[in-house]
Amino acid sequence: MKLFQKDKPFYKEVFTLAIPIALQSLITIGVNMLDTKMVVSLSDNALSATSLANSFISIYHILCMGLGMGASVLISRYWGMKKAEDEPEKADHALKQTMSLMLRLTVILAAVFALATFLIPGKIIEMYVDVSKPEAPIIVELGEKYLNWSVLSYFFLGTSLTTTIALRSVGQVKLPLFVSIGAFFVNLIANYMLIFGNWGAPRMEIEGAALATLIARIFEATVIVGYLLIKDKKIGFRLKHLFLSTRSLVKEYFRICIPVLISDGLLALGNNAVTMVIGHLGGAYTAANAIASVTQQLTSVVITGVSQAGAIVTGRTLGFGDREKTMRNGWAFLGLGLALGAFSGLLIMIIKSPIVYAYEVTGDTEAVTRQLLNAISVIIVFQATNSIMTKGVLRGGGDTKMLMLTDNVFLFVLSLPLGMLAGYVLELDAFWIFICLKMDQIVKTIWCVFRLKSEKWIKKISTGAGK
């Protein structure tokens, strides 16, 4: 098994899936950068408030990713089974059951987050700031205003996100890309109008940024979900299928999907705890982390695409019943992770200064931003490799319970305690605080190699007991 193989069909399949996903991620990040650039022109406190509000919303985003990626394991496997088995209708029915369960859970989850955001927006922001800091009251006030306009966003964000992942699982990668391009321009125009009060619109400042995001979410969900229910023929899911009896598949669905949901949910909480650690170090750290996070996402778009392609290709190959090819592909994905991680780290070092200048930050914020970007350029090599393996190959093989365990043990037992020690006790520089907070990425990469080699990550998946 080689890390780099002479297998053109494999790489073509991977990048045919990965590039549209990467471009869609790039557009999404572009929207975030646009929001950040426009909001920072209001004030540093406005930037911090927006960043912290979105940290809470990101918990829901990650949970939806967990629901979608968990369902994707089943959908891609059933998609392969439809073409390989003697009874394709059984796999097709299981596919539609999976879609129904995924969408029901997404809406329930959206209702929970919407209720919390509606009832306690101020308390949510206070979780992320040191209330003793002089800038804390204004950050909390601004963050509360942002969240008040975000209550409905959960429903549109969740349904469009999980539906997009499902469509990708059967090779539908171009439509979500085109929809994201449309959403980018919708968000750009709405931001320009509502934040600054242009073209006759009211000047809403930070509330305008939240409303513009809501408008873009509505556009995105309407087109994506509308396509699924009316036009799509690969999955063939229609509104009536939302009410399918799913009893025969519930056990299999939860066996595969719930560990993904729990794992990604706990990781979301863990990553928010990382944000809290940084937020409690002061306003300069919070603003710098917002800039560094967007930069990391920007340079990781291809990694994200290859990661999701890894889950799809692995699930589909196993659906065809080819275990040997699955293992060969697994090692090739490991090689891709190392190569893409090294490239991304180098890219961050090259664009570091232009990014800092573009955001026009000065003083402590500039210094901390540079240190965080230096740390990310190191960590991203490991993060790219284990992301493609854990969120891609191993997850696509159905190894969701083990991933749930290892993801969170490494984060909560290793990274968070080290980060708190570095930040609060030793008071190290921002570079070393971030390295400690991301130590799980290094250890997890080493674990992935041994897990891949063991072949224990390849799990059998059934289509349920029947209709």
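Student: Why is Val413 called exposed?

Tutor: In this predicted model, Val413 has a relative accessible area of 60%, and a residue counts as buried under 20%, exposed over 50% and partly exposed in between, with a 1.4 Å probe and protein chains only. Val413 is therefore exposed. Because the model is predicted, local features need pLDDT of at least 70 and side-chain atom pairs count only at pLDDT 80 or more, while totals for chains, interfaces and linings use all residues. Residues are numbered from 1 along each chain as its sequence is written, and side-chain values use heavy atoms, with hydrogens and water left out.

Student: What makes the nonpolar surface patch, and which elements give two or more residues to it?

Tutor: The patch of about 580 Å² is made by Ile262, Leu266, Leu269, Leu405, Val409, Phe412 and Val413; patch residues have over 30% relative accessible area and no salt bridge, and nonpolar side chains (Val, Leu, Ile, Met, Phe, Trp, Tyr) are joined within 5 Å, like charges within 9 Å. A salt bridge here is a side-chain nitrogen of Lys or Arg within 4 Å of a carboxyl oxygen of Asp or Glu. The elements that give two or more residues are α9 (247–279) and α14 (400–425), where helices are DSSP runs of H or I with at least four residues, numbered from the N terminus. Helix α14 gives the most, with four residues, and Val413 lies in that helix.

Student: Why is the pair of Tyr60 and Phe113 called tilted?

Tutor: Rings of Phe, Tyr and Trp (its six-membered ring) pair if their centres lie within 6.5 Å, and planes under 30 degrees apart count as stacked, over 60 as edge-to-face and the rest as tilted. Tyr60 and Phe113 are 5.3 Å apart centre to centre with 55° between the planes, and the pair is tilted. Tyr60 lies in helix α2 (residues 44–84) and Phe113 in helix α3 (residues 88–119), so the pair ties together parts that are 53 residues apart in sequence.

Student: How do you know whether Tyr60 and Phe113 are buried or exposed?

Tutor: Tyr60 is at 0% relative accessibility and therefore counts as buried, and Phe113, with a relative accessible area of 10%, is buried.

Student: What makes the pair of Phe431 and Trp432 edge-to-face?

Tutor: For Phe431 and Trp432 the centres are 4.9 Å apart and the planes 85° apart, and the pair is edge-to-face. Phe431, at 21% relative accessibility, counts as partly exposed, and Trp432, with a relative accessible area of 48%, is partly exposed.

Key:
Areas by Shrake-Rupley, 256 points an atom, 1.4 Å probe, with all protein chains shown as cover.
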